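Here is a short briefing to read alongside the model. Please have the sequence and the 3D view open as you go.

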Amino acid sequence: MSAENLGRRLLGEVHEESLDELLHSLRAFHNADTQLQIGIPPLDRLLHAFQHPTITAQHQHVSDRSSSPSHHSPAQLRARKHESKPPIVELTSTTPGSGKTHLLYLTTIHAILPVTHASIMLHGFSSAVIILDTDNRFNIPRLADILKAHVVACQQAQQKPALEDQDLENLIQGCLKHVHVYRPQSTGSLLATLNAIPTYLFNAGAHHSSHRRLHSIILDSASAFYWPMRAEEELAKLGRQLHEPSDVDAPNAVLSTMTTPWTQLSRHLRRLQQMFDCAILFATVSLSPSPAPSLTPSSRRDIPSLRPALPGPMAHLATLRLVLARAAVPPFAPGMAVQDALGERGKRQEVVQRGRFWASVNGWDREAWGREVVDGLRRMGWGFGFRVMGEGVVLEGAEDPGAVL
């Protein structure tokens, strides 16, 4: 083989990649080696079961840090990059007051808290969060209360000295600077806001988070403009029907140029996810008549199966879909005496005040999960519980809220 042919062959084996693509590959490789993506341990484990089912099923969570990315070929890094996209999580419920927003509060505080503060392990991400509050219910004072309760609970669980009031206040105020809240009031406003997010984040003088990565974009909720968007779709269909084509191919040409609002929303979210390598979480309200999830599902048949709440590409956008519900208080037994009912009133009120909620995997497309995913979910109990109280949000089974369960 001549030197010219050898050089041509070697040159053909060279893969060209920009610096941002290389950095994304390295980051994706490290992300695949950890289960911490959102910051809520049981939620991250559920995500891991769907993203890496074989590893989860075999209990082979990749934790060997002796393997450096430099020991892997570019082809392996590119493959890992495509395997380890940031997650997209849908939180849905059939009724309001099911704990979706409080779970998003918990996600937010894990994103904005530091890893440690004053020797207290908080296991935060030191990142920033974008909130799209279409329902106008994301309450910053409530978020601050939950953040404070979380820090105090971590300090007490780790038996660390209590923080001074001013130190705690400075920590909370410093973290809240990295929560960026938008309140779009229409579909057009929502899409315009999503389109403007890169310009805002890349403007270092516009906010305090220029030195932080974007942890997640939270949309609460994606169902806020459901009926106006449906009406817009129907008007578009009516316009196509009234269109008088000049030739046979005109209807197809008109149809191809129409983009539904749901398609636009999906594209915007995908674009931002790819651009900032961040998680996407969005809440929805399901119109499905299916019952609320069982608080102790024992098999795949017991988990709720709710039809996707949103149409079009939004129905297939999420990596993981969770159904949330409040723990139901059983009704009084038929024929119960008044005195007995009054005696049980206190116990029932106590259950309500504990504010227990359950997040269960949505089993709508469970036939496509595969055995590895089902085995992993079975070991995790198909979901997780949490409690919403006056002072904060607590994961069930977490003695130290800052530690991995």
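**A buried threonine, a strand pairing and some surface features**

Thr-108 is found in helix H6, residues 100–112; helices (H or I, at least four residues) and strands (E, at least two) are DSSP runs, numbered from the N terminus. This is a predicted model, where local features need pLDDT of at least 70, side-chain atom pairs count only at pLDDT 80 or more, and totals for chains, interfaces and linings use all residues. Residues are numbered from 1 along each chain as its sequence is written, and side-chain values use heavy atoms, leaving out hydrogens and water.

**Around Thr-108**
- Thr-108 counts as buried, at 0% relative accessibility; buried means under 20% relative accessible area, exposed over 50%, and partly exposed in between (1.4 Å probe, protein chains only).
- Setting aside neighbours within four places in sequence, Thr-108 is in contact with Val-129, Ile-131, Phe-138, Leu-143, Val-179 and Ile-218, where contact means heavy atoms within 4.5 Å.

**Strand E6 and its partners**
- E6 is largely enclosed by the rest of the structure, because six of its six residues are buried.
- Five bridges pair E4 with E6 in the parallel sense; two strands pair if DSSP finds at least two bridges between them.
- Val-129 has Ser-216 in E6 as its bridge partner.
- E6 also runs parallel to strand E7 (residues 279–285), joined by four bridges.
- Here Ile-217 has Ile-280 in E7 as its bridge partner.

**Backbone points to look at**
- Which residues does a cis peptide bond join? The bond lies between Asp-220 and Ser-221, with omega about 5°.
- Ser-221 sits in the loop between strand E6 (214–219) and H10.
- Ala-118 is not a glycine, yet its phi is positive, near 55°.
- The loop holding Ala-118 runs between strand E2 (116–117) and strand E3 (120–121), and the residue is partly exposed at 46% relative accessibility.
- Asn-136 is another non-glycine with a positive phi, of about 55°.
- Asn-136 lies in the loop between strand E4 (128–132) and helix H7 (140–157) and is exposed, at 54% relative accessibility.

**A nonpolar patch**
- Leu-235, Leu-238 and Leu-242 make a nonpolar surface patch of about 330 Å².
- Patch residues have over 30% relative accessible area and no salt bridge, with like charges joined within 9 Å and nonpolar side chains (Val, Leu, Ile, Met, Phe, Trp, Tyr) within 5 Å.
- Leu-242 belongs to helix H10 (residues 226–242) and is exposed, with a relative accessible area of 62%.

Technical notes: Accessible areas come from the Shrake-Rupley method with a 1.4 Å probe; for residues, only the protein chains shown count as cover. A salt bridge is a side-chain nitrogen of Lys or Arg within 4 Å of a carboxyl oxygen of Asp or Glu.
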